[in-house]
Amino acid sequence: AVVNIRTETVLNLTELPEWGQYGNELDKFFHEYFGQAYSKGTLKYKSIGSGVIVNNDGSIVTNAHVVMKAKNIFVVLSNGTILKAKVGKINRPDDLALIKVDLPGPVHTPKLANFKDIMIGETVIAIGSPLGLENSVTVGVISGKDRDFSSDRCSYLCSGLLQTDASINPGNSGGALLNLDGELVGINLAVVQNAQNIGFAVPANKIDALLKSGE
């Protein structure tokens, strides 16, 4: 149920105020610096993240910052199948998003853990695609509950988070944090830079609220 998410974002540099005055110089510089990623005032860049299939209707939960500004979103299943996705719901305060794909067949989706049953010190397993290494597994414990965290990845404060010492790296964002019963405890969010094993995840109760919003 854990998938790799690849996004493509197109930035139109001609909309910058400086473009009118320095457009020719900038065009030459960006072409030399970015190569094929740059073309006639537009810069295309790619990023990676993770997601969790939560329903066989093709619903996938991930972080909002993974998909929010993307022009194209592609989901890679565990068997290598690549599917194009579209954004369904965005919850910026909780940095959660729901995207949808047309699944080629049924998937064993994880059950959401009961937030009240999550205990500090219990073992958890993080699965995602750190640095593009699909379905990488790390193990740790729940280090704290109801934590607040602000990151340069999102321009807002995320609150009510789970803290874990399971290794979370770039590309893990949006991946699964599971307990030993295989239940989805949270969605991996971020790790504190220049610290050792301080990571955060959006807890199951917030995932449940996202899935039920608009019903």
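Author: Happy to! Let's start where strand 8 (residues 123-128) meets strand 9 (residues 136-150): the two run antiparallel and are joined by six bridges. One of the residues to look for is threonine 123, whose bridge partner in strand 9 is valine 141. A word on terms: strands (E, at least two residues) and helices (H or I, at least four) are DSSP runs numbered from the N terminus, and two strands pair if DSSP finds at least two bridges between them.

Before going further, note that this is a predicted model, in which local features need pLDDT of at least 70 and side-chain atom pairs count only at pLDDT 80 or more, while totals for chains, interfaces and linings use all residues. Residues are numbered from 1 along each chain as its sequence is written, and side-chain values use heavy atoms, leaving out hydrogens and water.

Six of them, in the order 8-9-10-13-12-11, form a closed barrel with antiparallel pairing. On average, neighbouring strands of this sheet are turned by 50° against each other, direction ignored.

Next, find helix 3 (residues 204-212), which lies across strand 10 (157-164), strand 12 (184-191) and strand 13 (199-203). Contact here means heavy atoms within 4.5 Å. Helix 3 runs at about 40° to strand 13; such angles run from 0 to 180 degrees between N-to-C directions of lines fitted to C-alpha atoms, for helices over the stretch in contact.

For another antiparallel pair, look at strand 4 (residues 59-62) and strand 7 (residues 96-100), with four bridges. There, isoleucine 60 has isoleucine 99 of strand 7 as its bridge partner.

How values were computed
Buried means under 20% relative accessible area, exposed over 50%, partly exposed in between (1.4 Å probe, protein chains only).
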